[in-house]
Amino acid sequence: MANILIVDDSSTMRKIISRSLRQAGLPVDEVFEAGDGIEGLSVIASGKSIDLILSDINMPNMDGLEFVKVVRGNGNNTPIVMITTEGGEEIIQQALDSGASDSIKKPFTPEQLQEKLGGLI
Amino acid sequence: MSLNADISASKGFSEEELAKYIIDSTQAVFSTMVMMDATGDYPLKEPINRFHCSITGMVGFAGTYSGVISVHCPVELAKKITSAMLGMECDEVNDDLNDAIGEIANMLGGGVKQVLSKGGLDVKLSTPTVISGEDYTVTSLSDLDCVVIPFKIEDDKFLVGLTLKKED
């Protein structure tokens, strides 16, 4: 069973993602939530065991691209998948170049989560 | 209301094609994230910019194109949408309801951005802004560059509007 950190400035989207993970039949144990990259870094720094990070890109304070860079800069290799409305090739490539493992476009279905995340947890 | 001719020319699509794309994007958002079927009813019969007991979610574009995509929704429908998205009852205008409508605007903004910018770096999206009230007016300073699409969910109605300008 996997512990998952969801970083998204929308509390509604965090709930939808959390529910969809379970609907997809993924082996989810605890779900931690953060409202932006800075909060996400705080959750990681608190020492919680996290197996997968799902992060939005377009967020206030610290966006998802910066968040990925800082996490990787800290030597953390936890898989990070961007879940975002941003579907452009260049911006997704930026995320991958920064260290993201993959990306999922909003809106999404539980089946798409299963397809993208099934091999990571 | 019509789409700016510069935008039609630069992107190679007509107002009707953009309207169809917005309808398809809106239906995808509602069917996957809200679990409701929204039916597009383009074109809008007459302009609407005054709203009663409603909530409006907006996301701005900046860069090669500038503008705003907006979702205008009666509060009673917004409560149903929020309840469906959260999987729990929402019976008042609160942070959950504002967040849900803002996130719908955000997803629609992402969809439109994908049409305007294949790479994604030349157009930036703002974070959502939400307003609500008993009686308010939303006025674009460039009404002629606006596409507004009415939608129905069973007996409830809402609007999705897009104002766009191509920057020089």
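Colleague: Which residues does Leu108(B) touch, not counting residues up to four places away in sequence?

Modeller: This is a predicted model. In it, Leu108(B) touches Ser25(B), Thr26(B), Val29(B), Ile69(B), Val71(B) and Val160(B), once residues up to four places away in sequence are set aside.

Colleague: Which residues touch the most other members of the largest nonpolar core?

Modeller: Leu108(B) again, together with Ile101(B). That core holds 72 residues. Helix α4 of chain B, residues 95–116, supplies the largest share of this core, with 9 residues.

Colleague: Now a helix pair. At what angle do the axes of α2(A) and α3(A) cross?

Modeller: Roughly 30°. Helix α2 covers residues 37–45 of chain A, and helix α3 covers residues 64–73 of chain A. Their axes come within 9 Å.

Colleague: Why are they called roughly parallel to each other?

Modeller: Angles under 35 degrees count as roughly parallel, so α2(A) and α3(A) qualify. The crossing of α2(A) past α3(A) is right-handed.

Colleague: Which residues of α2(A) and α3(A) meet?

Modeller: From α2(A), Gly37(A), Gly40(A), Leu41(A) and Ile44(A). From α3(A), they meet Gly64(A), Glu66(A), Phe67(A), Val70(A) and Val71(A). By type, this contact has 5 nonpolar, 3 polar and 1 charged residues.

Colleague: Next, the two chains. How many residues of chain A are in contact with chain B?

Modeller: 21 residues of chain A, against 24 residues of chain B. On the chain A side, α1 (11–23) and α4 (89–98) each supply at least two residues. α1(A) gives the most, with 6 residues.

Colleague: How do the residues on that side of chain A divide?

Modeller: Into 6 nonpolar, 8 polar and 7 charged.

Conventions: Residues are numbered from 1 along each chain as its sequence is written. Chains are lettered from A and ligands numbered from 1 in the order in which they are written. This is a predicted model: local features need pLDDT of at least 70, side-chain atom pairs count only at pLDDT 80 or more; totals for chains, interfaces and linings use all residues. Axes are lines fitted to C-alpha atoms, for helices over the stretch in contact, and angles run from 0 to 180 degrees between N-to-C directions. Helices (H or I, at least four residues) and strands (E, at least two) are DSSP runs, numbered from the N terminus. Angles under 35 degrees count as roughly parallel, over 145 as roughly antiparallel, 65 to 115 as roughly perpendicular and the rest as oblique. A crossing is left-handed if the near helix is turned anticlockwise from the far one by less than a right angle, and right-handed if clockwise. Two residues are in contact if their C-beta atoms, placed from the backbone, lie within 7 Å. Ala, Val, Leu, Ile, Met, Phe, Trp, Tyr, Cys and Pro count as nonpolar, Asp, Glu, Lys and Arg as charged, and the others, Gly among them, as polar. A nonpolar core is a set of buried Ala, Val, Leu, Ile, Met, Phe, Trp, Tyr and Cys residues joined through C-beta atoms within 7 Å. A residue is buried if 20 or more other C-beta atoms lie within 10 Å of its own, exposed if 12 or fewer, and partly exposed in between; C-beta atoms are placed from the backbone.
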